[in-house]
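Dear colleague,

I am handing over the structure below, and I would be glad if you kept it open while you read the notes that follow it.

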Amino acid sequence: MKSIDITGGNTLCGEVSIQGSKNAALPLLAASILIRGVSVIHNCPRITDIFSMIKILESIGCKVSFIGHCLEIDAKDICNTVLPEEYVKVMRSSIIFIGAMLAREKEVSIHYPGGCVIGDRPIDMHLEALQRLGVEFTEEGETIGASVRELVGSEIFLPFPSVGATQNIVLAAVLAKGTTVIKGAAKEPEVTEVCRFLQKAGARIQGIGTETLEIEGVAALQETEFTVVPDRIVAGTYLLAGAATRGAVLLENAPVWQMDSLLLMLRNLGAKLHIEGDKIFLNGEEADKSIPFMETRVYPGFPTDLQSPLMAVLARADGISIIRETIFEDRFRVVKELNRMGARIFQKENQALIYGVKRLGGMDVEAEELRGGAALVIAGLLAEGRTKIAGLSYIERGYEDIVRDLRCLGAKIEKSE
Ligand code: EPZ
């Protein structure tokens, strides 16, 4: 199993540029199916989830080229509506192909997407919302069949602002007959980005960035080019690593406008920030404060994807911190590995109580999922001695090259087989 070796105990110091956003890019690949021509996506991150989505696109008949960070998708001819089980099972985000395939081909067959260790991640809201647009579902074992004679706009209320469900409905609604109104829509930047992509291709969407989206169906979309925004979670991970090691870190191209909750958290930790345009400079010399209480929230609240990386920072804070996870039901899996490194974290239901300790010790640990893996990297950077993190493949799902990036910040880190 590929792993990462870190010699910790140094302060990070340096500058790094931020890759394109995984969660903004993935829905664009599904959206490209709606265009009977070529979509060009710039600044697309070279991460395993993107390569898996490319396999799905090619399996339905798209021609794809991915040179550097420029992804070209020719969706002129779709010849298959059965999505390949091997990629769908391992990547929950493939569920957003349902909306796009129904809009394009009026039918799709997809293996029930795997949950994962952070929760069973049902898709009830996706299915109920699509039924409101006229979609009929069949289930055979682990396979879901979806079909619709004609997608007809409707009013949909989401009981929870699900990012994926909002994206799925938008993808189904842009070519539907009539108007669709989504109330209780997610406002995450990754929803805004896919709406902007679709608008550029000719879709009619109002209320972008709010909890009420109004989509007026159009007959067709046009070929378009689009640039993926930098990844706010990757940017946040590296700033938290700078704070954890009391370092001095400069991000060259961060999506500052999407990062308010994290920037406030960094200041509450005691970090000093200087922001100029899309550059963020962090001085983490005094970033040793504990956080009496923090809970993850939907955007613009503190993102659940940075909860584990923050926990690694708080493991060595001066005092007691409490984190409440409100989005996923099992997102504290990394606690046991952090405690093996000397942290003192106690979990009770969806809350973690973190008694800051003076030092963590390097250890052989194992990542079980993407953001827990990022948290172990941060713990390895601040721990004394050597840490070996197995499960690099989880981390590579979202970080294009975390070893390259942290080396830019002066970390003693390398990949190993
Ligand atoms: C997206 O997942 C992101 N993934 C996640 O990032 C992110 O943590 C999450 O949004 C929340 O911001 C991608 O964009 C590819 P949700 P998604 O639907 O769409 C429940 C990462 O690390 N729910 O907003 O799956 C669900 O179980 C990943 O980059 C239902 O109950 O998130 C969860 O508890 C992890 N029924 C909560 O809602 C449904 O039909 C939030 O899920 C749908 C969701």
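A search of the whole structure finds 0 disulfides, where a disulfide is taken as a pair of cysteine sulfur atoms within 2.5 Å. Cys13 is in no disulfide, and the nearest cysteine sulfur, which belongs to Cys408, is 12 Å away. The sulfur of Cys79 lies 8.5 Å from the closest cysteine sulfur, that of Cys62, which is too far for a bond. Cys13 is exposed at a relative accessible area of 53%, and Cys79 is exposed as well, at 64%; here buried means under 20% relative accessible area, exposed means over 50%, and partly exposed is in between, with a 1.4 Å probe and protein chains only.

Please bear in mind that this is a predicted model, in which local features need pLDDT of at least 70 and side-chain atom pairs count only at pLDDT 80 or more, while totals for chains, interfaces and linings use all residues. Residues are numbered from 1 along each chain as its sequence is written, and side-chain values use heavy atoms, with hydrogens and water left out.

Next comes a sheet. Four strands form an open sheet with mixed pairing, in the order S17-S18-S20-S19; strands (E, at least two residues) and helices (H or I, at least four) are DSSP runs numbered from the N terminus, and two strands pair if DSSP finds at least two bridges between them. Strands S17 (294-295) and S19 (344-348) stand at the edges with a single partner strand each, so one side of each has no neighbour in the sheet. S19 and S20 (residues 351-355) run antiparallel and are joined by 5 bridges, and Lys348 stands opposite Gln351 in S20. Helix H10 (residues 307-314) lies across S17, S18 (320-324), S19 and S20, and runs at about 170° to S18, the angle being taken on a scale from 0 to 180 degrees between N-to-C directions of axes fitted to C-alpha atoms, for helices over the stretch in contact, with contact meaning heavy atoms within 4.5 Å.

Finally, there are some backbone details. Most residues other than glycine have a negative phi, and most peptide bonds are trans. The peptide bond from Tyr299 to Pro300, however, is cis, with omega near 5°, and Pro300 lies in the loop between S17 and H10. Lys106 has a positive phi, near 65°; this residue lies in the loop between helix H4 (97-105) and strand S6 (107-111), and is partly exposed at 31% relative accessibility. Arg246 also has a positive phi, near 60°, and lies in the loop between helix H8 (232-244) and strand S14 (248-251).
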